[in-house]
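User: Hey, could you walk me through this model? I'd like the overall picture, then some details.

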Amino acid sequence: MSTVSASTKIDVLVVGGGSAALCAAIAARRHGATVRLVEHAPLSLRGGNTRHARNFRLMHDTAHCYVPDSYGEDAFMNDLHRVTRGATDATLARVLIRGSATIAPWLQANGVALQDPGCGVMPYSQRTAFFLGGGKTMINALYATAARIGIEICYDSEVVALPTSDGQGGNVVIDRGGITELVSPKALVLCCGGHQSDRAWLRDSFGDAADGLVVRGTPYATGRVLRMLLDAGARPVGDPSQGHIVAVDARGPPVDGGIVTRITAIPSGIVVDRNAQRFHDEGEDARKTHYARWGERIAQCPGQIAYLIMDAHGRARALPTALPPIEADSIAALAVKLGLDPAALEATTRGFNAAIAGGELIQRRTAQLAPAKSHGAVALAVPPFAAYPMRPGLTFTHFGVAVDPQMRVIKSDGSRFENIFAAGMIMAANVLGRGYLAGLGVTLSAVFGRLAGEEAARHAAR
């Protein structure tokens, strides 16, 4: 039986436990507010999707110890326009980009260590800085800072009701292990992600294809608070049927597999569906980020599954993976291990090999084959043959609530919830209506989280 405790008054209540929530809580506390952070996950799974992050994108006019060369505001904006194809709020995008210029030293001042790009461990990048130790280390550092400066942190705590009236948020109802508590914050910052971990909602958004999606991040991004905000009249932004979807190893966990399950060797082989038929040009895009384009393609395949097939030479060109590929000495034997029709896979491979034209490896292409392989077409001829089963891995959906430049949640009638702020993936669709840029998730969370926390503290001080 639930017990309802007396209402607790506080300046700022932050809902969520990832980088947006932590940056909001720390920023609000450093601006003098009393702050409580409520994380739905247990301590062992705290941190949201940031646990799987490794870098963040930032604007900088000069080199720093954590990022070389320069990456200006216009270059950042052009990249954002390119991937979103214009589905971005220009005002908020500028707020994000300019805020990114100071987020690295702010994170460092709050305990986060960054990696020297000259150490040779991580990829050289003028656009993104890498965390020393990865996203989980970054999260642990921010939690340590939050505790040290007096932020109250509650795990296993879920917001179950979010009453609003007169353009304000009122008492927030929190369930913690069957104990229900009423909290009366002067300001509320919501940083609890989208709806990608709610299978029923995903099915509404993606149809039957939702059953074949793998959720790469936290299972606690259920969208429950997002739904409450929408029911309270918040203006939706984005498209719930679109998301950042990448090719991942189908043998990985159904949730929380993170970055290590990505399959990045697609240009080194051919990709077939469960009928052993090729369906797209594997050489169309050989950039490091090509896997992000293949997620949506696999989502359109029968059963939302596809298979990367390589020979020994292709595998030698591939980067290491968390799980080893499935191997066999012949294409037919490999098909049997994958549950594919051996004759069909042999015919597809034979047809592909016969269609390869001459030229240097990188320019080598097929001729009179549909679909073509336009670059890097090399015969699959040298055993052992190897395969990765692949599924579409959903990181987040391009859907959330509208906010203004102060991170206040906007209502459908254009007015604002004066004391409700949002940051992170629950509002990311304002600037990322489609597509993705490497490292942008943490940048969105940290920059907008910090801003939301500062604005919430100012509101609470009035």
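Predicted model: local features only at pLDDT ≥ 70, side-chain atom pairs only at ≥ 80, totals over all residues.

User: What does the secondary structure of the chain come to?

Analyst: There are 11 helices and 19 strands.

User: And how does the radius of gyration sit against a compact globule?

Analyst: It agrees with one: a compact globule of 462 residues would be near 23 Å, and the chain has 24 Å. Along the principal axes, the C-alpha atoms fill a box of roughly 75 × 55 × 40 Å.

User: What share of the residues is buried?

Analyst: Buried residues account for 56% of the 462. As for contacts between residues at least 6 apart in sequence, 72% of them join residues at least 24 apart.

User: OK, helices. At what angle do α1 and α11 pack?

Analyst: About 35°, with the axes 7 Å apart. Here α1 is residues 19–30 and α11 is residues 440–460. Their crossing is right-handed.

User: Which residues meet there?

Analyst: From α1 you have Ser19, Ala20, Cys23, Ala24, Ala27 and Ala28. They meet Ser445, Ala446, Gly449, Arg450, Gly453, Glu454 and Ala457 of α11. By class, that contact of α1 with α11 divides into 7 nonpolar, 4 polar and 2 charged residues.

User: How do the axes of α1 and α4 cross?

Analyst: At roughly 25°, and the axes of α1 and α4 (residues 135–148) come within 10 Å. The two helices are therefore roughly parallel to each other. The crossing of α1 and α4 is left-handed.

User: And which residues make that contact?

Analyst: On α1 they are Ser19, Leu22, Cys23, Ile26 and Arg30, and on α4 they are Met138, Ile139, Leu142, Tyr143, Thr145 and Ala146. Sorted by class, the contact of α1 with α4 has 8 nonpolar, 2 polar and 1 charged residues.

User: What about α2 and α3, at what angle do they cross?

Analyst: Roughly 130°, with the axes of α2 (residues 73–84) and α3 (residues 90–109) coming within 10 Å. That makes α2 oblique to α3. The α2 side of the contact is Glu73, Asp74, Phe76, Met77 and Leu80, while α3 brings Ala90, Ala93, Arg94, Ile97, Arg98 and Ser100. In classes, the contact of α2 with α3 holds 6 nonpolar, 1 polar and 4 charged residues. The crossing of α2 and α3 is right-handed.

User: Switching topic: which residues of α7 are buried?

Analyst: In α7 (residues 291–299), Tyr291, Trp294, Gly295, Arg297, Ile298 and Ala299 are buried. The elements covering those buried residues include β13 (236–249), β14 (270–273), β15 (306–310) and β17 (385–401).

User: And the buried ones in α6?

Analyst: For α6 (residues 224–231), they are Val225, Leu226, Met228, Leu229 and Leu230. Glycine 233 follows α6 and has a positive phi, near 110°.

User: I'm curious about threonine 348. Buried or exposed?

Analyst: Threonine 348 is buried, at a relative accessible area of 13%. The residue is in α10 (residues 342–354). Leaving aside neighbours within four places in sequence, threonine 348 touches Ile270, Val272, Ala276, Gln277 and Arg278.

User: Where is arginine 203, then?

Analyst: Arginine 203 is in α5 (residues 199–206). With a relative accessible area of 36%, arginine 203 is partly exposed. Its contacts, neighbours within four places in sequence aside, are Ala210 and Asp211. The C-alpha atoms of arginine 203 and valine 272 are separated by 25 Å.

Note on methods:
Residues numbered from 1 in each chain as written. Heavy atoms only, no water. Axes fitted to C-alpha atoms, helices over the stretch in contact; angles between N-to-C directions. Helix = DSSP H or I, 4+ residues; strand = E, 2+ residues; numbered from the N terminus. Parallel < 35°, antiparallel > 145°, perpendicular 65-115°, else oblique. Left-handed = near helix turned anticlockwise from the far one by under 90°. Contact = heavy atoms within 4.5 Å. Nonpolar A, V, L, I, M, F, W, Y, C, P; charged D, E, K, R; others polar. Rg over C-alpha atoms; globule rule 2.2 N^0.38 Å. Buried < 20%, exposed > 50% of the residue type's maximum accessible area, 1.4 Å probe, protein only.
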